Amino acid sequence: MVKTSYMRLKGSQQLRQRLLLSTLAGTAILIEDIRPDDTWPGLRPHEISFLRLLENITDDCVVEINETGTKLKYKPGVLMGGRHLVHDCGLSRSIGYFLEPLVVLGLFGKKPLSIKLKGITNDSKDPSVDTFRSTTLPMLKRFGVPSEGLDLKIESRGSPPEGGGEVILSVPMIQNSLSAITWVDEGMVKRIRGVTYSTRVSSQFENTMIHAARGIFNQLLPDVHIATDHKSGSQAGKSPGYGISLVAETTSGCFMSADTAVCHARGKDTDVLEDEEQEELKRPEDVGEQIASVLLGEIEQGGVVDSTHQGLLFLLCALCPQDVSKVRVGKLSPYGIETLRHIRDFLGVKFVITPEPTTGTVILKCIGSGLKNLSRKIS
Amino acid sequence: MAVVSGNQDQLHKAHRSRQAGPSAKRKKKSDKKKGDVLEEKKHNPKAFAFNSTVKAKRLQARATEKEQRKLHIPIVDRSTGEPAPFVVVVHGPPKVGKSLVIKSLVKHYTKQNLPEVRGPITIVSGKQRRLQFVECPDDINGMIDAAKIADLALLLVDGSYGFEMETFEFLNILQVHGFPKIMGVLTHLDKFKDVKKLKKTKQRLKHRFWTEIYDGAKLFYLSGLIHGKYPKREIHNLARFISVMKFRPLSWRTSHPYVLVDRFEDVTPPEKLQMNRKCDRNVTLYGYLRGCNMKQGTKVHIAGVGDCNLAGVTVLPDPCPLPSAAKKKGLRDKDKLFYAPMSGLGDLLYDKDAVYININDHLVQFSKVDDEIAGTSRKGKDRDVGEVLVKSLQNMKYSVDEKLENSFITLFGRKPPVSAEDKGDAKASYSEDCVEDMVHMDGPFASEKAESGEDGTIDTDSISESSEQDKSGEKHVVAENEDNDSDEEDDDEWEGDGDKEQQPTPNCDFEEKIEFHNGRLRRKAVSAHDVHDGDLKDSDEDEEDDMDSKSSASSDFAVEDEEDHQTEEEAGNASKWRESLKERTAMRQSTNLMQLVYGKSTLESVTSIHEEQASSEDEESEDDDFFRPKGEANKKSEELDSYDANGEDCSKFTNHGKLKNWKNEEIIESIRDRFVTGDWSKAARRGQASDDDSEDDDDDVSGDFEDLETGEKNESHQTNNVGSRSQNNDDQANEERRLKKLALRAKFDAQYEVSEPPDEEADEKSGSKLHGSEANDGGYFDKLKEEAELRKQINIAELNDLDEAARLEIEGFRTGTYLRLEVHNVPFEMVEHFDPCHPILVGGIGLGEENVGYMQVRLKRHRWHRKVLKTRDPIIVSIGWRRFQTVPVYAIEDRNGRHRMLKYTPEHMHCLAMFWGPLAPPNTGVVAVQNVSNNQASFRITATAVVLEFNHATRIAKKIKLVGNPCKIFKKTALIRDMFTSDLEVARFEGAAIRTVSGIRGQVKKAAKEEIGNKPKKKGGQPREGIARCTFEDRILMSDIVFLRAWTQVEVPRFFNPLTNALQSRDQVWSGMKTVAELRKEQNLPVPVNKDSLYKPIERKQRKFNPLVIPKSLQAALPFASKPKDRSSRKRPLLESRRAVVMEPHERKVHALVQHLQLIRNEKMKKRKLKEDEKRKAHEAEKAKNEELSRKRQREERRGRYREEEKQKKRRAGRNAEI
């Protein structure tokens, strides 16, 4: 009846972001030239998996992929949400890759979302589930998301390459819309918390990491508590690995996080690196020190969120009602910049970006797009 | 009239009441009486106190409940600046006096006679208020559109006739699309000769009106006509009611931008038109932006046409601005502007790139059309010189543009040919200039320029340019106005921004004066790309000046024009170094981070946005670079975003290589203050410094803007003041406190404003009462209100920091601005059948509203609609801005949550309706009509509904009953045929529950195999398909019918048809899909009848049972009593029925005696009865006589008593009179 007009995009970059915004704004998209020149052209397994996830939580969305996978047509459906959903995230990316868009989608669903995600919980590439729990969820509460029903439960952990972790994410839906925020006070760091984990390795690794990290923080702050989470048996997944996630809380209630994980590389990667050495794994002391340094780097940059969460922060600001939101971040991360561009394209929201030379931070202001939870049912 | 123009400061002599004489006496007496009443009340104060606590409690509860019912959830008011004119829709049935009301009101406000009412008419009605009158067309489409834009609806009702259907239809439409303010107006009241009857009618109509809206709704009476107009006094009162009206924000409208088009132009290139008259047209639509801010790139829906992309949006100067904010009471005559381009009023119209001069049709004698038509009549007359000149101009083959393009005249010494370069801007303006020159109609322009010079209101632009000419003062100015210059440059490029330059900056004010003293006033020079702005500015000033002055023409324009050109050329030179300067300032400006993120050409994309541009800028560039060598393209993209198109999608950005060594003491010290263990005061200072800095920055960018605001508005003045104060104590907490304070103040202001208008006491009272109650109730509501107000203040404060361009980018076009919307490729019918009497509504489409899908609405048939609605009969619905025809399926929700299809809507209940169409957000009102034709006697609103949710899949089910017969019965298993058509179908239903009529339950097992009974009729044929093997709880009979009851999905037709009634002649009725009934009627087809569905008299044959057969072996085993006995049936009847009775002689005697005795007794009884009858009759006669007598006596008595009473009364009255 009515021809849908597709927004034409190119390249595989930011596919998550594009699909997420397309679903929220109800714009159909057509992405061409997805890795056309690679040895393995087309969509990667995790991207396919994400598309499946979208199909799972929406109603009547249309996904068309050409034979080589270099062209994707996506027509969004109505976000449904629902309970007791299960999704296997695959092993090419960790669960953190899926959690980031999913938590936003869950807010605008017809029913509250509760979904079990299977795969890799901790990974050095994506934010770990611990970070997500300690930093991302409190951030959502600032935007007026009800705190009951907002939860991430880690059932079991899984490290690459074999995975085997399980988390249950539950996100409440919002009744009408988010609320705009003014969030420029970064405050001072008052405590540092963290979690280390280890699967199928000795729990001594964790203590070593904690010791190393504390060694760096001790000169700055006494209030440092890092918990250990040693999993064994079925809860430990299928591969050995260990890692750490740290979060710094400030006096004004901002959370800054840093995390990493150490594990054997994935099968495909090892194929490439076969002739080289079997990639030396890092020692736990180095990991501890490194991640503490990363966290201090984040703190040094300033801003109310760390660089990982910039994109999410901008997105939430853009989804607010038509009021002014004002946030302060440190250096703009490439991901944040791409997010800003995509927000402009999909939602028509532009940010005013003013740097502050004295503190090295950037203040962003925008008027929200006024997106409401359209799929909600009126009783 | 005097009241409005208002010299109320004039002192009147105070009234001096009489001190002596009869009137003074009377006064005293009445005073005394009043005093008595008061004293009497005081005598017994307890009598008016509460006696019972229960009653008191109940009363209080009732009062609070009433109070609570008045409260609305406070919403954040996001509108800033002047509000758009309020739309007053005048509605009524035909011939009720709609246009006369508008004419009278316009006359009252502006003292102008309006010849005819076509299109919206904007007037300035007060210092803070403008109104836009719209006459509602008669057809239902027009009514729906008008209801969507009305802020106030005046419902005109013919008092001599009573209410008509149109009024109620309109009310229903209004109710669905948000309920704006409504006022009834009764006209034709002079038809009543009898005063009593008039009064009664008024009363009756008023109460009917109240039941429809609310008790106490205002109904206004216009008593009659005087000289063909309504009486002045009554119109004055009506205007007063309108002027104090408070309008409520309606949720749909506050979340969608919309424009009521008050001017409409076809801007298709004439060449294209000549080629093909029916080509798609480009049109421009003008109107005030209402609702909410309109972002760039918003898609719009033009009611009656369809969805369109805006090819361009331009802000035009307000054609009907509010009077300046100078302190004075009332409106001056020159402020009483009005603007009605569709009605042919207002001689000059300003556009983005042109000025139109309106000449009435009867004054035009030179047009070609006229010549052709009336050529014969004018043959005899000689044409004068001017006429011939114009004729020759008309006969030219090529337009001026084309000539210019072809001729390559170098107009000015050093400039390259005009046509080549500045096609976009310069050409149009130059040609326009030339045309103006030829037609000699630019008098007002020149005079404007001269005037503005004399007034000293020169805009900054002209000053800076004039200073450029002044070689000596050049650098000085540049040094001072660096920032301004660059700003202006920006604005110049970005056409259509008239607002900013309108107001001089404060530091320019000084400059301005100097220039004025030096007498350099001829510098209206406009550089090549400044021409537009020049126009705009002129028009601005035009609007500010009196309209009348436009008629004066000046003769020395030609000279000025010359000078213009010269200066232009110089300005062109000057602009080069200015450009470099601009670049330098831009480099210095810190906002280039935004350019880094969003790409450079943000300014270009402002005016014209296509859908293609929705994709990001960098991608566009990639598009262009598609066929270039790969490396090159990559390089370019890397310039922009250091990210290649196939980059890794990862939110984490870790650069472990660049990690600092955090064990180093120095590095640790560098972030020591970011921890609570560090120096708190230093940390605080860090924030402070930044705040200071940011505010300084902001001031640099937009200082002039804020000043502009202070000049105009009180509110922003406050913010500014407080803002400057806050620079001293920059603390987060302080900032918050400040905003809160502001919010409170604003709230107080808002309240105060309500009670301020001195001319409306009733409103004041109600207002104060309301506030009193609010103050009492405090608590939650107040908190909500404060929050909303705080939000508003934050918004205002944050937005004030930005400069105009950035603001437009992030905020969009503001409400209340006058916009010019350019739409390309609309069907030519829109222009062809354009009718100014039908308002054109342009509504913005929100996120996700352009998608189509299934909508579920809760629908109720209107109780005045005659018939119930049938599923799958097309209806026309109006949702949001749209109207479309669609095919609904009705359903109802069962207890278990299943949506069961209904064939017809319930009689008096809500039901669900599912249909396909463009989506509207939940909670949107829907009004449905079945037929849009005008000549229907019945009520046209079919149903009203509200959107519940939308869905891409529908889950409506209907009941289905599969019927089968047993074809073979084993013990408890049977093969059922006719129920399914194929084995596949059987497989689908395996395990389904079935039942026989007699109630034996069973289950479908599997498709029957061949070997067990399912044998084909003929040997060698295929076994029959669709025979199911079923098991039952008992053995069934061959005569049993087997049912399978199930639910099946119902498809909702994917059909919708936009109502494009603006694309056809207005007197033609839009017709879409027809209902089945209509089709049958048209084609003369009978209603199909299923014979099986007809009711027939039930004939039940007497069931004949075979005799019970008991096996012999069983019989042998039975005891004798239970054994069936073999008895042959009798041939003859029994003896007792056959025999005759013969009595004995004694018996006979007894019998005779008894008979005799009975006879005697009967006779006796008869006699007694006769006697009793006689007696009763006599008694009744006696009784009647007595009664007559007593009645007579009583009457006499009563008469006497009344006589006495009358006498006494008279006596008393007389005595009273004496007293």
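Chain B has 39 helices and 31 strands, where helices (H or I, at least four residues) and strands (E, at least two) are DSSP runs, numbered from the N terminus. The model is a predicted one, in which local features need pLDDT of at least 70 and side-chain atom pairs count only at pLDDT 80 or more, whereas totals for chains, interfaces and linings use all residues. Residues are numbered from 1 along each chain as its sequence is written, chains are lettered from A and ligands numbered from 1 in the order in which they are written, and side-chain values use heavy atoms, with hydrogens and water left out.

Of the 1219 residues of chain B, 41% count as buried; here buried denotes under 20% relative accessible area, exposed over 50%, and partly exposed in between (1.4 Å probe, protein chains only). With contact taken as heavy atoms within 4.5 Å, 76% of the contacts in chain B between residues at least 6 apart in sequence join residues at least 24 apart.

Helix α4 of chain B comprises 13 residues (residues 98–110), which at 1.5 Å a residue should span 18 Å, and the 18 Å between its end C-alpha atoms agrees with this; the expected span is 1.5 Å times one less than the number of residues. The helix α4(B) is mostly covered, 10 of its 13 residues being buried, and the buried positions include L100(B), V101(B), I102(B), L105(B), V106(B) and Y109(B). After α4(B) comes K111(B), whose phi is positive, near 60°.

In chain A, 4 strands form an open sheet of mixed pairing in the order β11-β16-β18-β17. Strands β11 (182–183) and β17 (351–356) of chain A stand at the edges with a single partner strand each, so one side of each is left without a neighbour in the sheet. Strand β16 (residues 324–329) and strand β18 (residues 361–367) of chain A are paired in the antiparallel sense over 6 bridges, V327(A) having L364(A) as its bridge partner in β18(A).

The interface between the two chains brings 106 residues of chain A into contact with 91 residues of chain B. About 8600 Å² is buried between chain A and chain B, 55% of it on carbon and sulfur atoms, buried area being the accessible area (1.4 Å probe) that two parts lose on being put together, summed over both. Of the area that chain A buries against chain B, M188(A), L220(A) and K350(A) supply 9%, more than any other three residues. The interface counts 10 salt bridges, each defined as a side-chain nitrogen of Lys or Arg within 4 Å of a carboxyl oxygen of Asp or Glu; a salt bridge joins the side chains of E798(B) and K326(A) (3.3 Å, N to O). Helix α9 (residues 334–347) of chain A contributes the largest share of the side of chain A that touches chain B, namely 10 residues.

Two residues of chain A were examined individually. D126(A) is found in the loop between β8 (113–119) and α4 (129–142) of chain A, and at 0% relative accessibility D126(A) counts as buried. Its side chain makes a polar contact with that of R93(A) (2.8 Å), a polar contact being a pair of N or O atoms within 3.5 Å, of which, within protein, one must be able to donate a hydrogen and the other to accept it, while residues adjacent in sequence count only if both atoms are side-chain atoms. Leaving aside neighbours within four places in sequence, the contacts of D126(A) include R93(A), Y97(A) and D259(A), together with C650(B) and K652(B) of chain B.

V195(A), in strand β12 (residues 189–199) of chain A, is partly exposed, with a relative accessible area of 26%. Beyond its neighbours within four places in sequence, V195(A) is in contact with residues including D130(A), R157(A), I226(A) and I244(A).

Methods: Pairing = 2+ DSSP bridges.
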